Structure formats: structure tokens, C-alpha cells
Amino acid sequence: MFMNFFEKLQIIFKYALSSFLGIELLILTLLFFILLGLNIKYKKKIINYFAIIVVGMFIVTVMVLNKDYVSYCIDFLLKGIMKYIYFPSTVIYFSIIFLITIFIVITVLSKKLTLFKKVINYLCFGILYFLFFSFISSVINSGVNLADKVQLYTNDLILAIVQISNFIFIVWSIYTAFWYLFKYFKRKYD
Amino acid sequence: MQMLNRQKKSNKIIKKSHLLIIGSLLVFFGVIVLSWNHLLWLKDAIYSDMMLMISDEVQQEEIIENIPDVEVLPKDDENDNSSGNNIAPPEETQQKPINYDKYLGVLEIPRIGLKRGFYGTDSKYNDIRYNVTMVSGSSMPDVNRGNLILMAHSGDAYISYFAYLYRLSIGNDIYVTYNKVKYHYKLVNIYNVDKTGKVSIVRNYDKTTLTLITCTKDDSTKQTVYIAELI
């Protein structure tokens, strides 16, 4: 179990050369790499599209053959994200506040942001800061242990503050993402 | 003149960037709407995990009981028949009110990956619209020859906690944790009954049992009853 880097490489090479399937996979990967590499010089678009289709079909085939596990993976990922939204650890919550601080600085100093975007940013960040200070004061008043998730989230006020903060942060993030996407479309197509 | 016409045209025609952003928004919200049910199910699972964590934490806390004062009374000449020292009756201790906002027990079926808490019959959360529901009249697992009856929806909704019960077969293990004790049951019988509003439970009255009731898969006219016996 405790292998160094070279031992791990050794095991992989042993596997790759141990069976016909391993050798086949190695040769196909090398050929694919050579094909794409040579195409940098010859610049044939059809080769690029072909490569994308081959890779795409390979991924889709693997996903279809293991669809139960793929669905389990997607659920696991979504559940993890939603757990951070509904019951984040204090580390995540403080990280979000730290990010907000950086965004405030960017908003204040930026000359590219429109007036409307700046107003929205200041409004969201103001509310988030108010909620953060309320969180700090309620934690101090109730003497809650910040490291204990159970103690933290059995307190309704703290739970409400954290979840509303996360909700506002997510709505702001989605709005910002679409705003930048709109700017990109405008620059490219208009 | 041509410049004016071109300007007018560009003012009237919806810009490509606007179309693209509207399309992106529609796709994004469309995906959210289509997966809304599934997202609600995931949210429910997260809340349930948190509730289980909380109830585990509460059960591990030591309950400090008022230890009654033991008083040794002097021997009374009038009560010669008394043998040895008399122990004064303990003071009446105020019992802690039972908190029905926490799970009363936890149902676990490893075969289908189900782990779900349930509330007592006095709790407002003991409702099939929200949770696995304990039927009134049920006995807890510590009652000898009793029958704990739990029911839940099957189907596609996020509250369909018994959706995969149809995958169970005779001999599968079921666990119920109640009062810090994990009770182990084995599934002994599965049968269908018509959906009439009443369910007949056929069980061995000499055994402590667990009954699970849910709608039959792909049959809206019947309900399936699962009987498990305590090992």
C-alpha cells in the first residue's frame, strides 16, 4: 500500500505490458496522441472533429454501460454541494465571507463594471455582511462551539442566518455568471 | 438614407447576444424545473442525515438523574416485624418531558440502502406526507410479542421512502434502533392486500414483529405488507 512514485509507475507499466488488452490500450493511446500531434502541423479540421467524436463516444459508452454508478456519482456530487449549502461547516462559511471581501474590493476598484452591477453587488454584500455579524454575535451570546455542527444547527437563529446567507450568495453567483456570459456573447456576436 | 435604414433595422431586430442569453437562461431554469423533484429528494436526504446525526448526539449525552436520598431510619419499637434497616421511599423526581421533535427510532434496511428516522405517534411530523409514519396502536420493539407498524409512500415522489421495498425478499435483514438498542428483524412474509382503507396484518402472535406497509409497485389498487420477526 505504501509505495513510492517509481514503484507505482512500475506497477502501471507491468499491467500495461502484461496482457494483450493492456498493450492494445497503450498502442491506441499512442496512435491517438501521434495523430493529434501531427495534425497541429497539417491543421486538418476533420481530424480534430474525428478526435472529439471518438473521445465523446468513448465517454458516453462508458457512462451508458455503468449508468447506475454514474447516477450514484451525480447524486453524491449534488448531495455534497447541497450539504455545503444547507449545513456548511464554519470553515466554508468563513471562506465565503472572505471571498465576498475580495469581491467588494474588486467592485470598488473596477472601472469596467456597470453602475447597475455595482449597486447589485453592494446590496448583496451589505446583506451578507449584516448576516455575518449577526452570526458572530449570536454564536458569542449562545456560547455555541463553532466546531460542533450539531450544536450549531440545533440553534434556529444560526441555521436561518447561514442558510439565508448561502441562498443570497448562490443567487448573486448565478446572476454574476449570466452577466459575464451576456458580456461575452455581446463581445463575440454583436 | 441607407445608413438610416440600417440603424432602424438594427434597433428593431433582437440582437444575437440577447437571444443567446435568453436561451441560456431557459436551459438553466429548464434543467432546474425538470430535476426539481429529485433535488427535493436530495434535500430531504440531507435533512434526514442531519436529524440522524442530532439524534445520535442526543442519545450519547448522559442523562443525569436525580439520585434519591437513601435514609436509614432508626428501628421503631412498634414495628418489630420489620427486618433490618428501612429505606426511605425515594423523592418523586420530575420526569424529563419526551421531545417529540427528535426521532423516536431509526429504521434501517441495508439491502436497499434505506436509513430513515421516524417520529412518535404524538409528533406533528408523524405524517405520511413528510416521513416514514408510525401507525397508532403500534408497540415499540422492546414490547414482547408486540408489533411495530410503519408505513410510507412508494413511487417517484421525494417522500417515497419505501420506493425500493419491492426489492426485498424473505430472509432480508431489517434493523430498528430504539432507545439506544438496535433490534434485528428478519423478513418472513410478504403479501398483497386490496387498497380498501384497512389492512389485515397476518403475523405470528408469539413473536415480536415489525410490519411495513406501502403501495404495491405498478398496481394502484393494492398495498404490500412486509412482516419481519425479531431475532
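Me: Which residues is Phe118(B) in contact with, leaving aside its neighbours within four places in sequence?

Reply: This is a predicted model. In it, Phe118(B) is in contact with Tyr103(B), Leu104(B), Gly105(B) and Leu107(B), and also with Asn131(B), Val132(B), Met134(B) and Leu150(B).

Me: And which residues touch the most other members of the largest nonpolar core?

Reply: That core has 31 residues, and Phe118(B) is one of those that touch the most other members.

Me: What does the second core include?

Reply: The second core is separate and has 9 residues, including Tyr93(A), Ile100(A), Leu128(A) and Val162(A).

Me: Now the chain contact. How many residues of each chain are in contact?

Reply: From chain B, 15 residues are in contact with 17 residues of chain A. On the chain B side, α2 (16-34) and α3 (36-60) are the elements that give two or more residues. The largest share comes from α3(B), with 8 residues.

Me: How does that side of chain B divide into nonpolar, polar and charged?

Reply: The side of chain B that touches chain A has 9 nonpolar, 2 polar and 4 charged residues.

Me: What about α4 of chain A, buried or in the open?

Reply: Of the 20 residues of α4(A), 0 are buried, so this helix lies largely in the open. Helix α4 (residues 67-86) of chain A should span 28 Å at 1.5 Å a residue, which agrees with its end C-alpha atoms being 28 Å apart.

Me: Last topic: at what angle do α1 and α2 of chain A pack?

Reply: Helix α1 (residues 5-18) and helix α2 (residues 20-42) of chain A pack at about 105°, with their axes 5 Å apart. The angle falls within 65 to 115 degrees, so α1(A) is roughly perpendicular to α2(A).

Me: Which residues meet there?

Reply: Tyr15(A), Ala16(A), Leu17(A) and Ser18(A) from α1(A) meet Gly22(A), Ile23(A) and Leu26(A) from α2(A). The residues of this contact are 5 nonpolar and 2 polar, with no charged.

Technical notes. Residues numbered from 1 in each chain as written. Chains lettered and ligands numbered in written order. Predicted model: local features only at pLDDT ≥ 70, side-chain atom pairs only at ≥ 80, totals over all residues. Axes fitted to C-alpha atoms, helices over the stretch in contact; angles between N-to-C directions. Helix = DSSP H or I, 4+ residues; strand = E, 2+ residues; numbered from the N terminus. Parallel < 35°, antiparallel > 145°, perpendicular 65-115°, else oblique. Contact = placed C-beta atoms within 7 Å. Nonpolar A, V, L, I, M, F, W, Y, C, P; charged D, E, K, R; others polar. Core = buried A, V, L, I, M, F, W, Y, C linked by C-beta atoms within 7 Å. Buried ≥ 20, exposed ≤ 12 C-beta atoms within 10 Å, placed from the backbone. Expected span 1.5 Å × (residues − 1).
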